[in-house]
Amino acid sequence: MSNIAQEHDTQEQWTRVKGRLRSSVGEDVYSSWFARMDLEGVQQQSVHLSVPTKFLRSWIQAHYADRVLSCWQAEIPGINRIDLTVRSAVRCAPPAREAAATDTRRGDNGARPAAEARTPAAATTAAGHDALGGSPLDPRLTFANFVVGRSNTLAQAAARQVAEGRRGDPVMFNPLYIHAGVGLGKTHLLQAIAWTGNASPDRKVLYLTAEKFMYGFVAALKTQTALAFKEALRGIDVLVIDDLQFLQGKSTQAEFCHTLNALIDAGRQVVIAADRPPADLESLDDRVRSRLAGGLVVEMGSLGEELRLGILRSRVAAARVHHASFDVPDQVLEYLARTITHNGRDLEGAVNRLLAHSKLNAQPVTLEMAEREVRDLIRPQEPKRIKIEDIQRVVARQYNVSRADLLSSRRTANVVRPRQVAMYLAKTLTLRSLPEIGRRFGGRDHTTVLHAVRKIEALVSKDTALCDEVELLKRQLQE
Ligand code: ADP
Ligand code: MG
C-alpha cells in the first residue's frame with residue numbers, strides 16, 4: 001500500500017476510534033477532554049496520541065486510559081499500549097511593547113519578572129481606568145472554603161490549575177468555561193481564581209461581572225477612552241468574567257469578541273461562567289459561541305446531600321471564628337442538608353438565620369428551632385434542567401431514527417413526526433426561544449418550529465396514543 005493510502009487508512013481508523021470514544025463517554029465528557037486529542041502515529045502494538053496540555057494528559061491517563069485503549073483495540077486488536085504525550089504548546093510571543101520590556105529583565109536569571117517590571121504603559125492606563133478596578137471580591141470565596149464533591153470535582157480541578165498557573169507557563173485550556181444553575185458555586189470558584197492568582201506578584205487577574213464589562217465599555221466609549229480601556233484590558237494575565245449570559249448589546253459583544261480573541265491569541269487565560277453552555281447563549285453570535293466552546297467547557301451539577309453537608313459544616317466553622325459559642329449539632333446539620341436541596345445560597349441563608357436566632361435569643365440551636373427557622377427555605381425539588389440535545393437523543397431513540405435524521409432536511413414521514421415532537425418538547429420543556437430551537441434543529445426557521453409546536457399541541461389533544469407517547473418522553477427526560 002502506498003504511504004498516502006496507508007495514511008488515509010489510519011485517519012479513518014482514528015475517526016472511528018473517536019466516534020467510539022464519543023459514544024462511550026458521552027458528548028460532554030468527550031468535548032471537554034478528548035476534542036483536542038490528536039493522533040501522532042500507530043505502530044505495531046502501540047498508538048501515539050497527543051494533547052495540548054499536561055493537565056489534560058494526566059487527567060486522561062488517570063480517568064480514561066483503559067477506555068481509550070479498548071476503543072483502539074476494537075479497531076486494531078493487536079494494540080496493547082497507548083502513549084500519550086503533550087504537544088509542545090508555548091504561549092504566543094508577547095506583544096512588541098512587552099517584548100522590549102522583557103529584555104531589561106534578563107538579568108535575573110530568567111526568574112519571573114517582579115510586579116514593578118510591568119510595562120509602564122499598561123500600568124498607567126490600568127490605574128487610570130475606573131472600569132478596570134474589577135468587581136469587588138468577597139473574602140470568603142476562596143479555594144480553602146470551596147467544598148469539593150462529585151458534581152464539581154472537575155470544575156474545581158480546572159479552576160485550580162488556572163489559578164496556580166504562572167506567567168510564562170504553557171496555557172492550559174482557553175477559555176475555561178464553567179456553567180451551572182443558580183447558587184451552585186460559579187461565582188465562588190471564579191473569585192477563588194482571582195484571589196489565588198492575585199496573591200502571586202507577577203500576575204494580574206481581573207474579575208469582572210459581564211455587567212461591569214458592559215458598563216465599563218459603554219462608559220469608556222462615552223468619555224472617548226475606549227482605546228485606553230482596551231489596551232488596559234489586554235495588559236492583564238487572566239480575565240475572569242462572571243454571568244456571561246447578561247452580556248448584551250451588539251457593540252459590547254463585538255468588543256467582547258475582540259478582547260477574547262486578543263487575549264487568547266496572546267496566550268492569556270480567560271475564564272468564564274454562565275448559567276448555560278456556550279451553545280445556548282442565544283444573544284451571542286456564532287463565532288463567539290464557537291470560540292467559547294473551543295476551550296474546556298465544564299458543567300457543575302446540583303449539590304448532592306454530602307456536598308451540602310460539607311458546605312454547611314464549612315459555613316458553621318467560619319461563623320465560629322467570630323462567635324465561639326455558636327454550635328450546631330450534627331443532627332441539625334444533617335436535617336438541613338437533607339431538606340434544603342435547592343442551592344448554596346439557601347444553605348448559607350440557613351446558617352445565618354440559626355446564628356442570628358441563637359445570638360439574639362441566647363439559645364442553643366436545636367432541631368426544633370431549625371425546623372421553624374428554615375421552613376420557607378425548604379422548596380420543592382427544582383425541576384431538572386433539560387437540554388435540547390437530551391430531547392433529541394431521547395426522541396431519536398424512541399422513534400428509532402438517528403439524531404442526524406432529526407436535524408437533517410429529510411421530509412419522509414418517519415422523521416417528520418419525531419422531529420416535530422422533539423421541537424414541541426424543546427419548546428415546552430426548556431426556556432429556549434423559537435429561533436434558538438430552529439437553529440439547534442439544523443438551522444430551521446422559527447416559523448417551522450412554531451408550526452411543529454402547534455401541530456403537536458393539536459394532535460395530543462385528540463390522539464391519545466400520541467399523547468401517551470409524549471408523556472412518556474417527558475417522564476424519561478425529567479427523571
Ligand atoms: P452561583 O454564582 O453559581 O450562582 P455562588 O458561587 O454565588 O453561586 O454560590 C452560592 C453560595 O453557595 C455561596 O455562598 C457559595 O459560597 C456557596 N457554595 C456553592 N458551592 C459551594 C461549594 N462547593 N463549597 C462551598 N460553598 C459553596
Ligand atoms: Mg454567581
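**Entry 1. Parallel sheet**

I looked up Y177 and found that Y177 stands opposite V297 in strand 8. The model I am reading is a predicted one. I then checked the two strands around this position: strand 4 and strand 8 pair in the parallel sense, over 4 bridges. Their sheet is open, has 5 strands with parallel pairing, and runs in the order 5-6-7-4-8. At its edges I noted strand 5 (205–209) and strand 8 (296–299), each of which pairs on one side only. From one strand to the next the twist averages 15 degrees.

I went on to an open sheet of 3 strands, whose order is 1-2-3 and whose pairing is mixed. Strand 1 (38–42) and strand 3 (81–86) each have a single partner strand, so one side of each has no neighbour in the sheet. For strand 1 and strand 2 (residues 46–51) I recorded the antiparallel sense, over 4 bridges. Which residue in strand 2 is the bridge partner of V42? I found V47 there.

**Entry 2. Backbone in two loops**

I looked for a cis peptide bond and noted one joining N174 and P175, with omega at about -5 degrees. P175 lies in the loop between helix 6 (153–164) and strand 4 (176–179). I also looked up D243, which is not a glycine but has a positive phi, near 55 degrees. I placed D243 in the loop between strand 6 (238–242) and helix 10 (250–265).

**Entry 3. Aromatic pairs**

How many aromatic pairs does the structure hold? I have 4 in my notes. For Y30 and F34, I read ring centres 6.0 Å apart and planes at 35 degrees, so I list the pair as tilted. Y30 and F34 both sit in helix 2 (residues 27–34), and because they are 4 residues apart, about one helical turn separates them.

**Entry 4. Second largest pocket**

I counted 25 residues in its lining, and the closest to the pocket centre are G183, L184, G185, H188 and R345. Which helices each supply at least two residues of this lining? I noted helix 7 (186–199), helix 12 (305–322) and helix 14 (344–360). By type, the lining of the second largest pocket divides into 8 nonpolar, 9 polar and 8 charged residues. I also checked the domains: domain 2 (143–299) and domain 3 (305–377) each give at least three residues to the lining of this pocket.

Definitions and conventions. Residues numbered from 1 in each chain as written. Chains lettered and ligands numbered in written order. Predicted model: local features only at pLDDT ≥ 70, side-chain atom pairs only at ≥ 80, totals over all residues. Heavy atoms only, no water. 1 Å grid on protein atoms, 1.4 Å probe; cavity = no way out; pocket = protein on both sides within 12 Å on 5 of 7 lines; lining within 4 Å. Nonpolar A, V, L, I, M, F, W, Y, C, P; charged D, E, K, R; others polar. Domains from an automatic or database assignment. Pairing = 2+ DSSP bridges. Phe/Tyr/Trp six-rings, centres within 6.5 Å; stacked < 30°, edge-to-face > 60°. Axes fitted to C-alpha atoms, helices over the stretch in contact; angles between N-to-C directions.
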